[in-house]
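Let's walk through this model together, one region at a time. Have the sequence and the coordinates open as you read.

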Amino acid sequence: MDLCQRRYPSFTNLGTWVVRNMRGKKTLSVHSLGVAGDVGYPPTRAGRADAKELWDWLIEHSEAIGLVELHDYKYGEFGRGYRCSRGEGVKGVKVYANAEESAGTGGAWLHYELEMDMAKDAKALEAAWRALPKPAKP
């Protein structure tokens, strides 16, 4: 979260580690494991552009930073999601076709989940992050 906010100062921390159930369910959220975070961005054209830039960068470098899941709730009608189990990079992205597939819609934030090793080792995560090229500006 800190690395995202350093790169995009307008982003906000909407939550990382908190023991709670998933929204509307009786099972624990991955936030309870300390591997997930929600990166809020301003609901403006510029905020959305930065969120898209971060999305593209995270997907491009998913393997290097240990990204296992990413959700973009503002994309299209039902959002989109990345899962490493579908393949690294763009192979792992799915644009949701309906509300049943969707992880949620309309929220001005990106939800990410990291593999446990990266989530537990802030120095390794920061070293991997800093070793990668910054997003190209359009």
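Leu132 counts as buried, with a relative accessibility of 17%; here buried means under 20% relative accessible area, exposed over 50%, and partly exposed in between (1.4 Å probe, protein chains only). You will find Leu132 in the segment after H5, where helices (H or I, at least four residues) and strands (E, at least two) are DSSP runs, numbered from the N terminus. Along the sequence, Leu132 and Ala64 are 68 residues apart, while in space their C-alpha atoms are 8.4 Å apart.

A word on the ground rules before going on. This is a predicted model, in which local features need pLDDT of at least 70 and side-chain atom pairs count only at pLDDT 80 or more, while totals for chains, interfaces and linings use all residues. Residues are numbered from 1 along each chain as its sequence is written, and side-chain values use heavy atoms, with hydrogens and water left out.

Let's turn to the charged pairs. Side chains of opposite charge can pair when their charged atoms come close. The working criterion for a salt bridge is a side-chain nitrogen of Lys or Arg within 4 Å of a carboxyl oxygen of Asp or Glu. The structure holds seven salt bridges. One of them joins the side chains of Arg48 and Asp72, at 2.9 Å from N to O. Arg48 belongs to helix H2 (residues 45–60) and Asp72 to strand E3 (residues 67–72), so this pair ties together parts that are 24 residues apart in sequence. Arg48 and Asp72 are both buried. Asp72 also forms a salt bridge with Arg80, and there the closest N and O atoms are 3.1 Å apart. Like Asp72, Arg80 is buried.

Now move to helix H5. In which structure of linked pairs do Glu126 and Arg130 take part? Asp2, Arg6, Glu126 and Arg130 are linked in a network of salt bridges. Within it, the side chains of Glu126 and Arg130 meet at 2.8 Å, N to O. Glu126 and Arg130 are four residues apart in helix H5 (residues 122–131), so about one helical turn separates them. Glu126 counts as partly exposed, at 26% relative accessibility.

What about the acidic residues that gather on the surface? Glu63, Glu88, Glu115, Asp117 and Asp121 form a patch of negative charge there. Patches are made of residues with over 30% relative accessible area and no salt bridge, with like charges joined within 9 Å and nonpolar side chains (Val, Leu, Ile, Met, Phe, Trp, Tyr) within 5 Å. One member, Glu115, sits in the loop between strand E6 (109–114) and helix H4 (116–120). Glu115 is partly exposed, with a relative accessible area of 36%.

The cysteines come next. How many disulfides does the structure hold? It holds zero disulfides, a disulfide being a pair of cysteine sulfur atoms within 2.5 Å. For Cys4, the nearest cysteine sulfur is that of Cys84, 18 Å away. Cys4 is buried, at 5% relative accessible area, whereas Cys84 is partly exposed, at 29%.

Thr105 lies in the loop between strand E5 (93–95) and E6, and is partly exposed with a relative accessible area of 46%. Thr105 and Lys74 are 31 residues apart along the chain, and their C-alpha atoms are separated by 6.0 Å. In strand E5 itself you will find Lys94, which is partly exposed with a relative accessible area of 32%.

Finish at helix H3 (residues 62–65), where Ser62 is found. Ser62 counts as buried, at 1% relative accessibility. Ser62 and Val35 are 27 residues apart in sequence, and their C-alpha atoms lie 15 Å apart in space.

Terms used. Accessible areas come from the Shrake-Rupley method with a 1.4 Å probe; for residues, only the protein chains shown count as cover. Lys and Arg count as positive and Asp and Glu as negative; His and the chain ends are not counted. The place of a charge is taken as NZ of Lys, CZ of Arg, CG of Asp or CD of Glu.
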